[in-house]
Amino acid sequence: MAYVRFTSHLVRHRPLPGAEAEGATVAQVLAALFSQDDLLRGYVLDDQGRLRKHVNIYLDGRLILDRVRLSDPVMPQSEIYVLQALSGG
Amino acid sequence: MATLWVGTRKGLFRYDETSAGWQAAGPPAFLAQPVTVLLDDPRDGTLYVALAHGHFGCKLHRSDDRGTSWRELKTPAFAASDAPDAPTVEMLWALAAGGRDEPGVIYAGTLPGALFRSENRGESWMICQSLWDRPERQRWFGAGYDHDGIHSILIDPRDSAHIVLGVSVGGVWITRDRGQTWDLGGRGFVADYIPPEQSGDLVMQDPHLMVMSPSNPDRVWCQHHCGIYVSDDGGWSFRECRDVAPSSFGFGVAVHPTDPDRAWFAPARKDEVRIPVDGKLVVTQTRDGGHHFVAHDRGLPQRAAWDLIYRHALVVDSSGERIAMGSTTGSLWVSGDGGSQWHHIDAHLPPIAALSFAP
């Protein structure tokens with residue numbers, strides 16, 4: 001199971017679900033968490049499922065490469081960090 | 001007791017009119033979160049607040065207990081698509097209550113410019129596809145934002161299927177069948193930011209805000225990018241109000257609830273500057289349908305004022321006597337006598353985006 005951490009900036013707005021989730025890609029891991037809180041999805045992804053312009057996701061210490069489909073592969077011990085970008089104000 | 005909601009860059013503030021004047025009432029809601037627009041639904045007292053998080057997108061919240069508690073709702077959203085430039089809602093720019101005959105119906109206008117309708121007090125939304133699919137929409141463009149947007153949603157109190165929209169930049173759009181079909185209004189507008197031979201192009205018009213007279217819905221007032229206009233046929237055509245001192249540029253407009261000839265504006269030096277003319281903040285008022293205007297300055301700063309009044313930050317209450325105005329520099333004024341005398345309620349608010357008197 002991948003371990004997911006969210007920025008505290010997001011915790012202000014949504015009570016966050018459990019931190020561990022199954023999935024072969026970043027999109028699948030996040031989808032498992034969004035299923036626990038439908039509104040959380042819109043904080044991280046836009047209407048089209050793309051990563052929001054001013055949100056960054058680090059996968060095992062590196063920014064993900066695919067911000068459109070979030071297809072970066074996830075390992076069972078991966079760590080995913082969802083952060084706000086400073087560019088967002 | 002009168003109540004005024006103040007939507008700012010840093011949250012939603014409430015002011016109540018007391019025997020000691022207007023007083024802040026309680027801590028702000030949504031502290032540090034930018035409010036873009038709000039609706040106090042006169043049909044059932046429901047409050048709606050739209051937020052625009054810098055990082056996390058725009059959001060919509062509803063209160064069923066006059067602001068004591070809030071619940072987040074689903075935000076209007078575009079359908080998923082594989083197109084590389086598929087849209088996403090960037091901002092909620094307008095919220096409007098449906099007609100008295102359709103309780104629970106509310107409308108939202110967005111950037112990019114789309115109209116959404118909810119029939120269940122914001123629990124779910126449907127895009128108005130007929131407007132989104134209009135080919136003219138490809139020519140809409142942003143003004144002050146990256147995208148075009150819908151900021152004015154006027155529901156005819158005589159016929160809730162009759163809706164008039166203001167689009168920046170995209171003109172005036174009118175439906176008589178609750179959004180099944182649309183036509184362009186706005187004849188008579190003149191745009192000076194496009195080649196002169198195209199200045200009357202209906203799609204290229206930039207109405208900054210439009211309001212419909214509740215007592216005579218054929219009367220529509222418009223603060224346009226290029227001047228003040230008034231319509232006597234529900235927005236199909238407009239005449240320009242000329243010789244408006246100190247300026248006919250601005251964003252906000254408010255119309256008297258029972259006198260369609262009476263309207264207020266918050267002028268600024270025109271578009272490349274956008275500050276009060278000569279540093280003096282005034283409110284202009286017409287009482288005769290736009291033929292003559294008076295500039296009110298009593299109680300407003302008359303030197304070195306840099307306040308700009310955004311489009312949703314000049315409002316009148318249901319009595320027509322209380323008028324409120326909020327500025328980009330965080331000042332809030334209220335008049336209790338129809339705009340002649342103004343009282344400075346607060347000088348240190350965050351930039352003010354939207355105001356609403358409780359119905």
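Here is a colleague's note on this predicted model, in numbered points.

1. Conventions. The model is predicted, and local features need pLDDT of at least 70, side-chain atom pairs count only at pLDDT 80 or more, and totals for chains, interfaces and linings use all residues. Residues are numbered from 1 along each chain as its sequence is written, chains are lettered from A and ligands numbered from 1 in the order in which they are written, and side-chain values use heavy atoms, with hydrogens and water left out.

2. Overall build of chain B. This chain has 1 helix and 28 strands (DSSP runs numbered from the N terminus: helices are H or I with at least four residues, strands are E with at least two). Its C-alpha atoms fill a box of roughly 55 × 50 × 40 Å along the principal axes. The radius of gyration of chain B is 19 Å, which agrees with the value near 21 Å that a compact globule of 359 residues would have (taken over C-alpha atoms; the globule rule is 2.2 Å times the number of residues to the power 0.38).

3. Burial and contacts. Of the 359 residues in chain B, 60% count as buried (under 20% relative accessible area; exposed is over 50%, partly exposed in between, with a 1.4 Å probe and protein chains only). Among contacts in chain B with a separation of 6 or more, 49% come from residues 24 or more positions apart (contact means heavy atoms within 4.5 Å).

4. The interface. Chain B brings 24 residues to the contact and chain A brings 21 residues. Together they bury about 1,700 Å², 45% of it on carbon and sulfur atoms (buried area is the accessible area, with a 1.4 Å probe, that two parts lose on being put together, summed over both). B:His55, B:Phe56 and B:Glu72 supply 43% of the area that chain B buries against chain A, more than any other three residues.

5. In one of them, A:Arg14 pairs with B:Glu72, with the closest N and O atoms 3.0 Å apart. On the side of chain B that touches chain A, the elements giving two or more residues are strand 6 (57-63) and strand 7 (71-73) of chain B. That side divides into 13 nonpolar, 7 polar and 4 charged residues (Ala, Val, Leu, Ile, Met, Phe, Trp, Tyr, Cys and Pro count as nonpolar, Asp, Glu, Lys and Arg as charged, and the others, Gly among them, as polar).

6. Salt bridges within chain B. The structure holds 27 salt bridges over all chains. One of these joins B:Glu102 and B:Arg178 at 3.2 Å between the closest N and O atoms. B:Glu102 lies in the loop between strand 8 (91-97) and strand 9 (106-111) of chain B and B:Arg178 in the loop between strand 14 (171-175) and strand 15 (183-184) of chain B, so the pair ties together parts that are 76 residues apart in sequence. B:Glu102 is buried at 7% relative accessible area, whereas B:Arg178 is partly exposed at 34%.

7. B:Arg158 and B:Asp218 meet in a salt bridge of 2.9 Å, N to O. This pair links distant parts of the chain, 60 residues apart, and B:Asp218 is partly exposed at 30% relative accessible area. B:Asp44, B:Arg62, B:Asp64, B:Arg71, B:Arg121 and B:Glu123 are linked in a salt-bridge network.

8. Backbone spots for your own look. The peptide bond from B:Ser168 to B:Val169 is cis, with omega near -10 degrees, and B:Val169 is found in the loop between strand 13 and strand 14 of chain B. The bond from B:Ala245 to B:Pro246 is cis, with omega near 5 degrees. B:Ala32, although not a glycine, has a positive phi of about 80 degrees and is partly exposed at 38% relative accessibility. B:Arg274 has a positive phi near 60 degrees and is partly exposed at 31%.

Technical notes. Salt bridge = Lys/Arg side-chain N within 4 Å of Asp/Glu carboxyl O.
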